[in-house]
Structures are given as C-alpha cells and as structure tokens.
Amino acid sequence: IQGEDGADIDGWILLLIKAGREERENRDDALEETLREAKEKKLTHPDLVMTKARLRLRQGRQEEGDRIVQALLEGDFGQCVNVMFQAAEYYRDSHRQERAFGLYEKLLEKMPGHYMANRRMAQHYLELEDYGQAKKHVNVLLTYPMDEETKELTQKVNEGLSAYLLKTLSENPDDFGAKMELGWCYLQEDKPREAIALIEGTVPLASQEKDYVNLAGKSYYAAGRYDEAQPKILRWIDLLKEGMESPQTTQERDRERLAAAWSMLAEIAARRGKDALSGQKDAFYEQAFSYLDLAGQSCYAVAQDYTRARLYLEWERYEDCLTVCDGLTERYPKFGAVRVLHQQACAKLFDASGVIGDYYALLELIPSYAGSRELAAEVFYQLRQQKELEELLDRAKEAGVLTAELKRYRFLLMADGAKTKQELLDALEYARDVY
C-alpha cells in the first residue's frame, strides 16, 4: 500500500475488499463509485490499480486501461509476480496473446512453479501443437492437485505428444529420449502396463540410467508389481545420492525426488504388511515407518505425516493414528482427509464422542463424503439418539449422499417405531426398494 502518512488505511482496505466483490459480481457502476471513494483516501495498491484497468477494458476504454497497466509495469512494482500475472491476464483477455505470453515467460523466470502461468503456457503451446514445450509446463502442474480443466489439458497434451512420439519411434525404434517421454505419457494417463511394455528390454547408457530407473520404478509401482519396482527405486535412490553435489536448485529438487522414492518404498512395505499373516505384519510396518523417516529427512512434506496416520490405522495402532491426526489438525484445521482417518480410528476404539465430533467437522470440510455420516449413524442408533439420527438422514438426503447403508438406518427407525402391522409392512417395503 502506498500513500500519504496518516491516511485512513482501515477504511481503504474495506473499499479494496468491496471493489473485489463488486468486480466478481459484475457490478461495474458500483465499482466505479468504490474506486472513486478509494482514490479520495490518497492510498493505492497494485491490485486496485489492475481492478481499474480491467474496468476500463470492459467499458471499451482500452487505451486508458493500457496506460494504467503500462505505468504499473514500469513502476516500483513492475517486477512483482502478482503484477506481472495480472498484467498478462489483462492482455490475454483483450486478445493480445504475444504480449500476454511474453509476460508469462518473464514471470516464470522469477517463479518457475507458478501454477496459472504454467497452465496458460501449456495451453498456448498445445494450440501451437508444440507438444514438447506444452509437456514441460504440464509436468509442473502435475505437482499440484488438479481440477477437471487442468486434467483435460494434461490429457490433450499427452495425447498430442504420444502421437508425435509414436511416429518418432516408428522411424527410430531405439530413440531413448522418445521412449522415456512416451513412457511418462502412458504413466500419467494411468497406463503403467503400456509404459512397462515400452521400456522393458531397454539397456540405458550410464548417463541415461537415472531417467530409466525413475520411470521403470514408478511404472512397476503403479502396476502393483512391487518385487520389480523395489530394486529400480533403490537404484534410483543411489543415483540421486550420487548427484547431490549438483548446484543447489538441482539438489533441492533431488531431495524432493529422494523423499518420493522413500515414500514409495514405505507404501510397498505397508502393502506387504497388509497382506502378511498376522504374526508377520509388524516387521513390514516397522520397515514402512523407517522408510517414511528417511523421506522426512530427505525433504519433509505434510503428506508424509498423513501417510503415517493412514498406515497406523491399517496396522491397527489406533491411538498412534489419533496422535498423528491431532497434530495435523492443529496445524491444518481444514485438512478434511485427516479428519476422515481420525473418525475411523475413533470408531475402532468405540469412541462415540470422537466419531460424532468428526462427523460435524466433516459436514463442513467434505460435505459429499458419506462414510462419515455412516459411522455417525451407527453411533446415534446404538445410543438411541433418534432425533439426531433422523436429522443426519435428512441432511444426507438434501446433500444427495443418502447411501444404501444410510437407508438401512431409516428402515431400522421405521421398524423400531412400528406400532401396527401396516407400519411394519411399510418398513419392509422401504427395505425392498433399497435392496
């Protein structure tokens, strides 16, 4: 925020928030008045400047909007990532693609992991049918949770690149780079068997081995062929460690890769523990947790603690699961998946209050998740809390998640409350409709 000393900052911030809301609601007349009031307070901020530029563009006053954007880019905040992104979006919305993508590229030099800039560039190169460049940006997007639009974009890039790579390999079957790229396309399209078939029998050069065992290990892992995945992943770890003398930026990325490798080994050990006989489970789960410790030492991520809680639940170490979940919830109160694990552990421990507390929390965090409602329904039914159970079932119906399991509780309420033969028949008819 820039402006005069002693200016009404609190009042100006309220106007900034109001302007944002009015722009989202397409109330341009009200927004014009809000901008006028904000100007009178002798304060300014790049976000509000860009709001005014976008308003001028919508009003058909593009030249004025352009002057506002250009002045901002040439000013003190012109190199800020937020300013460059908003300016790029301004030019993109006004169909000046060259200027827009020049700014996206400049932005990515400062912040290579910027999600939306990478998405815009991926779409841009897809339209140009430059699938190789598009793929580079898609690979960044894959490190984030993806919405449906980004999933569709990734699929289109992979399809285009796959067609190009298949043509390349038909002309030169030994093209190692093309094999690796196509293998990654298959893996990202959830086709690990195709990836394995493509690279099996390949003998990489020493300079190619790290890329090869990375893809091979993940492909075998995704296909559930853990005995073949494990040695590839272990070799990948060795090669990553050998390369840790690289520049810091590469070293940081390799630490993330090491953490991913150790995490995959943890999952493999846990899967073996889950499938083992009861007397043999502990050794596998202990191995899994030692791998998770190594993942955390390489590069800590919250997902490792979530995995730790999930594996404790599988291992039937419910108290330990709750301890990890409580720590995560304290740090990330809106991490709904953790609440799911917590509730399941509470159910195993017959902790009715814990199940119900998580149920109410998950109504807000993951309203579409029926499993939480089913666990709570069992508690309400066992405790004869009919009113609460009926409210739960009504809420589930309104949310569109009234599963067959929840309908069973409706039948039980009807049957338990039946006072006449007809009421009991009605309950039985309801059950027939459900099952």
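In this predicted model, the largest nonpolar core comprises 110 residues, of which Val69, Tyr104, Ile233, Leu389 and Leu392 touch the most other members. Helix H14 (residues 248-275) gives the most to this core, contributing 10 residues. Apart from it lies another core, of nine residues, including Trp12, Leu15, Leu48 and Leu55.

- Beyond its neighbours within four places in sequence, tyrosine 104 is in contact with Phe85, Ala88, Glu89, Arg92, Ala117, Arg120 and Met121.
- Helix H8 (residues 131-141) has as its buried residues Tyr131, Ala134, Lys135, His137, Val138 and Leu141.

- Ile9, Ile13, Leu14 and Ile17 make a nonpolar surface patch of about 360 Å².
- Leucine 14 is located in helix H1 (residues 9-24).
- With a relative accessible area of 59%, leucine 14 is exposed, because that value is over the 50% cut-off.
- In soluble globular proteins, by contrast, nonpolar side chains tend to be buried together.

**Cysteines**

- The count of disulfides is zero.
- Cysteine 346 is in no disulfide, and the nearest cysteine sulfur, that of cysteine 321, is 8.6 Å away; a disulfide would require the two sulfur atoms to be within 2.5 Å.
- Cysteine 346 is buried, with a relative accessible area of 1%, whereas cysteine 299 counts as partly exposed at 26% relative accessibility.

Key. Residues are numbered from 1 along each chain as its sequence is written. This is a predicted model: local features need pLDDT of at least 70, side-chain atom pairs count only at pLDDT 80 or more; totals for chains, interfaces and linings use all residues. Side-chain values use heavy atoms; hydrogens and water are left out. Patches are made of residues with over 30% relative accessible area and no salt bridge: like charges are joined within 9 Å, nonpolar side chains (Val, Leu, Ile, Met, Phe, Trp, Tyr) within 5 Å. Accessible areas come from the Shrake-Rupley method with a 1.4 Å probe; for residues, only the protein chains shown count as cover. A salt bridge is a side-chain nitrogen of Lys or Arg within 4 Å of a carboxyl oxygen of Asp or Glu. Helices (H or I, at least four residues) and strands (E, at least two) are DSSP runs, numbered from the N terminus. Buried means under 20% relative accessible area, exposed over 50%, partly exposed in between (1.4 Å probe, protein chains only). A nonpolar core is a set of buried Ala, Val, Leu, Ile, Met, Phe, Trp, Tyr and Cys residues joined through side-chain atoms within 4.5 Å. Contact means heavy atoms within 4.5 Å.
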